[in-house]
Amino acid sequence: MTTVQDICSIMESFAPTKLAMDWDNVGLMLGKKDREVKKILLALDLTQEVVDQALASEVQMIITHHPAIFKKISHVTDEQWQQSLLLTLAEHKIAVYSAHTNYDCALEGVNDCLANKLGLINIKTLEDETGLGREGLVESTNLFDFACKVKRILACDYVTYADAHKNVQRVAVCGGAGGELISLCLAKGVDTLVTGDIKYHTAQDAVFQGLNIVDAGHQATERIAIEYLRARLEIYASMHGLDLEFTQANESLVLQHV
């Protein structure tokens, strides 16, 4: 029998919780550790859409990237949508585990997945102290062509780019929101940063300092890592003779565009 604790241990081996940022909340968010698990749903976020799929699929556990509980809570009622979801899951005995910045920083985690997906070579950790971000090389090209490549590979509806008038060759990536890495990219001689959630003035500042920006969106730069995590868990289960079934949630874009 595979338990919730067993899944927690597997995830800890993939993405140790010690890698998480100080402000983050990771690990088991909800559930009894000794409860049996046979079916697991993987998702970026814990939303009503994801919970509905979990109930329909009769899973015993959900693994999310973004924390199901992030801010400290003083009560759990159905007056707030996130807490209402947790109550529903508790009623149906469905556990929730979240691996956030620890999965970003981990080997074969979010940023390695993104770097590999975009075809970077000679991949290295961008921020050595935390393990956040990756950098590597691509065949020299112009920013427009590279941005189009990112859009195609990540299956984005669109990407936003800011042109510092430099050819693209040394690229840094950070899944989700990586605007805080701009100074480090410049210090390390990176010419292009691929990430999400870049604000206008942040992009402006980067460009005037000589750094190209490709903003492919928060979800698009991270969802590929959920696909990879599912495959990795399936391989692990097969190798260790675990009777587990993994599915990936269908998640709508939070921000729609016309």
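**View 1. Met11 and its contacts in a predicted model.** Beyond its neighbours within four places in sequence, Met11 is in contact (heavy atoms within 4.5 Å) with Ile63, Tyr97, Ala99, Leu229 and Leu233. This is a predicted model, in which local features need pLDDT of at least 70, side-chain atom pairs count only at pLDDT 80 or more, and totals for chains, interfaces and linings use all residues. Residues are numbered from 1 along each chain as its sequence is written, and side-chain values use heavy atoms, with hydrogens and water left out.

**View 2. The largest nonpolar core.** A nonpolar core is a set of buried Ala, Val, Leu, Ile, Met, Phe, Trp, Tyr and Cys residues joined through side-chain atoms within 4.5 Å. Buried means under 20% relative accessible area, exposed over 50%, partly exposed in between (1.4 Å probe, protein chains only). The largest core holds 47 residues. Ile7, Met11, Met61, Ile63, Val150 and Leu233 have the most contacts inside it. Elements that each supply at least two residues include helix H1 (4-14), strand E3 (61-64), helix H6 (143-153) and helix H9 (220-239). Helices (H or I, at least four residues) and strands (E, at least two) are DSSP runs, numbered from the N terminus. H9 gives the most to this core, 7 residues. Another core lies apart from it, with 19 residues, among them Met21, Leu181, Leu193 and Leu211.

**View 3. The Arg232–Glu108 salt bridge.** A salt bridge is a side-chain nitrogen of Lys or Arg within 4 Å of a carboxyl oxygen of Asp or Glu. The whole structure has 6 of them. In the bridge between Arg232 and Glu108, the closest N and O atoms are 3.8 Å apart. Arg232 sits in helix H9 and Glu108 in the loop between helix H4 (101-105) and H5, so the pair ties together parts 124 residues apart in sequence. Arg232 counts as buried, at 17% relative accessibility. Glu108 is partly exposed, at 38%.

**View 4. Lys188 and its two partners, Asp128 and Glu135.** The closest N and O atoms are 3.9 Å apart for Lys188 and Asp128. Lys188 lies in the loop between helix H7 (182-187) and strand E9 (192-195), and Asp128 in the loop between strand E5 (121-127) and strand E6 (132-141), so this bridge ties together parts 60 residues apart in sequence. For Lys188 and Glu135 the closest N and O atoms are 3.7 Å apart. Glu135 is in strand E6, 53 residues from Lys188. Glu135 is buried, at 5%. Lys188 is partly exposed, at 24%. Asp128 is exposed, at 63%. Salt bridges link Asp128, Glu135, Arg170 and Lys188 in a network.
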